[in-house]
Amino acid sequence: MSYRIFLAGASGVIGRRLTPLLHSAGHYVCGSTRSRANADLLRSLGADPVVVDVFNASALSRAVAQARPDVVIHQLTDLPKDLNPREMGAAIVRTARIRSEGTRNLVRAAIAAGARRLVAQSIAWAYAPGAEPHAETDPLDTGAEGESGVNVQGLIALEYLTLKSPPLEGIVLRYGQLYGPGTISDQPSNSAPVHVDAAAYAALLAMDHGRPGIYNIAQSNRSVAVGKARAELGWTSDFRLPA
């Protein structure tokens, strides 16, 4: 079955792998970006581009309404491409705002447009200290301080808005540390890694697989449990796009 998709953050690291994957599966993709410079790229990947800022609630609502999506996919962040440590402090604050205020605007726009499901990007390395591997029912590290605390508060807001905004069916994908094309490394990390193509594949599956809820998306590792994604989404960490 084909769907109409509004992909927020289509020009990001995962969005650039997810857009052609959705297009090749027969879905219509309206891909959002903040930069007009990315519009031609998104067209080449198979999306109808729309230039919109997630903080402009009225413009975002119009853009989503025009797309008439069945599913909204939230892949928005604001991190430096090379994850430069000197830039990460400000980037974490910007991304936390996206995950709170931006997600709130996106949820409202999705509901107004009649979307049935929201799939949102979270992370799998923000669990509170405790026994490992962490299951999706384990708490996030609400006691974190400094930049980590800002990050966790943004995640809490994003996950709550995604999961608690009826009539939307909310799916939260807690991604491991990305590697592969467009990321800072071609090799997996030692803690909860996931290839960017496998991350994109999880979002494709989550459009019509799995019950609303949270799913860890990472290669088998000692840090997080990934059996739920395999069982309910039919996901595999081995998925790769053609070269």
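This is a predicted model: local features need pLDDT of at least 70, side-chain atom pairs count only at pLDDT 80 or more; totals for chains, interfaces and linings use all residues.
A polar contact is a pair of N or O atoms within 3.5 Å, one able to donate a hydrogen and the other to accept it.

**First selection: threonine 33.** Select threonine 33, which is found in strand β2, residues 28–33. Is threonine 33 buried or exposed? At 4% relative accessibility, the residue counts as buried. Now display serine 35: its backbone nitrogen lies 3.2 Å from a polar atom of the threonine 33 side chain.

The model has one aromatic pair. The ring centres of tyrosine 201 and phenylalanine 239 are 4.2 Å apart and their planes stand at 10°, so the pair is stacked. Tyrosine 201 belongs to helix α6 (residues 196–206), while phenylalanine 239 lies in the segment after α7 (227–233); the pair therefore ties together parts that are 38 residues apart in sequence. Both tyrosine 201 and phenylalanine 239 are buried.

Select phenylalanine 55 together with arginine 97. Arginine 97 lies over the face of the phenylalanine 55 ring, at 3.7 Å from the ring centre. Finally, move to tyrosine 215, where lysine 228 lies over the ring face at 4.6 Å from the ring centre.

Definitions and conventions
Residues are numbered from 1 along each chain as its sequence is written. Side-chain values use heavy atoms; hydrogens and water are left out. Rings of Phe, Tyr and Trp (its six-membered ring) pair if their centres lie within 6.5 Å; planes under 30 degrees apart count as stacked, over 60 as edge-to-face and the rest as tilted. Helices (H or I, at least four residues) and strands (E, at least two) are DSSP runs, numbered from the N terminus. Buried means under 20% relative accessible area, exposed over 50%, partly exposed in between (1.4 Å probe, protein chains only). A charge sits over a ring if NZ of Lys or CZ of Arg is within 6 Å of the ring centre and within 35 degrees of the ring normal.
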